[in-house]
Amino acid sequence: MAISQKGAEFLIRSRLADAENGDVNALFELGVTYSTGRGGVSVDLVEAHKWFNLAALNGCTRGQACRAEISVEMTAREIAEAQKSARAWLATTGRTPQRYAA
């Protein structure tokens, strides 16, 4: 059964709200959503890398692994864009990583 556009938007909004409240699983799930197109969301590796990076920075080993996996499909410019976007999200939300990932 396909998910509606409203359903996809709700999925993203709810996961974003959870991520802003410090839910590391929400960060990882956003990465999965954008890397696979889950829930009717367009695949966007830059956005996926951003969320996996944020999850990894908060100690999520699955985020580290997925970030590395999709990085091989990205250009250096795309990775830099994803990293810049992750830093902007941290600055906007006032969140600080729990710890830095390798």
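Modeller: The model is predicted. Helix α2 spans residues 24-36 and helix α4 residues 61-71; their axes come within 10 Å and cross at roughly 25°. Angles under 35 degrees count as roughly parallel, and α2 and α4 are therefore roughly parallel to each other. Their crossing is left-handed. On the α2 side the contact is made by Asn25, Phe28 and Ser35, and on the α4 side by Arg62, Gly63, Cys66 and Ile70. Sorted by class, the residues in this contact are three nonpolar, three polar and one charged.

Phe28, one of the α2 residues in that contact, also belongs to an aromatic pair; the count of such pairs comes to two. The ring centres of Phe28 and Phe52 lie 5.6 Å apart with the planes at 50°, so this pair is tilted. Phe28 sits in helix α2 and Phe52 in helix α3 (residues 45-57), 24 residues apart, and the pair thus links distant parts of the chain. Phe28 and Phe52 are both buried.

The other pair is formed by Trp51 and Trp89: the ring centres are 5.3 Å apart and the planes stand at 75°, so the pair is edge-to-face. Because Trp51 lies in helix α3 and Trp89 in helix α5 (residues 76-93), this pair ties together parts 38 residues apart in sequence. Trp51 and Trp89 are both buried as well.

Note on methods:
Residues numbered from 1 in each chain as written. Predicted model: local features only at pLDDT ≥ 70, side-chain atom pairs only at ≥ 80, totals over all residues. Heavy atoms only, no water. Axes fitted to C-alpha atoms, helices over the stretch in contact; angles between N-to-C directions. Helix = DSSP H or I, 4+ residues; strand = E, 2+ residues; numbered from the N terminus. Parallel < 35°, antiparallel > 145°, perpendicular 65-115°, else oblique. Left-handed = near helix turned anticlockwise from the far one by under 90°. Contact = heavy atoms within 4.5 Å. Nonpolar A, V, L, I, M, F, W, Y, C, P; charged D, E, K, R; others polar. Phe/Tyr/Trp six-rings, centres within 6.5 Å; stacked < 30°, edge-to-face > 60°. Buried < 20%, exposed > 50% of the residue type's maximum accessible area, 1.4 Å probe, protein only.
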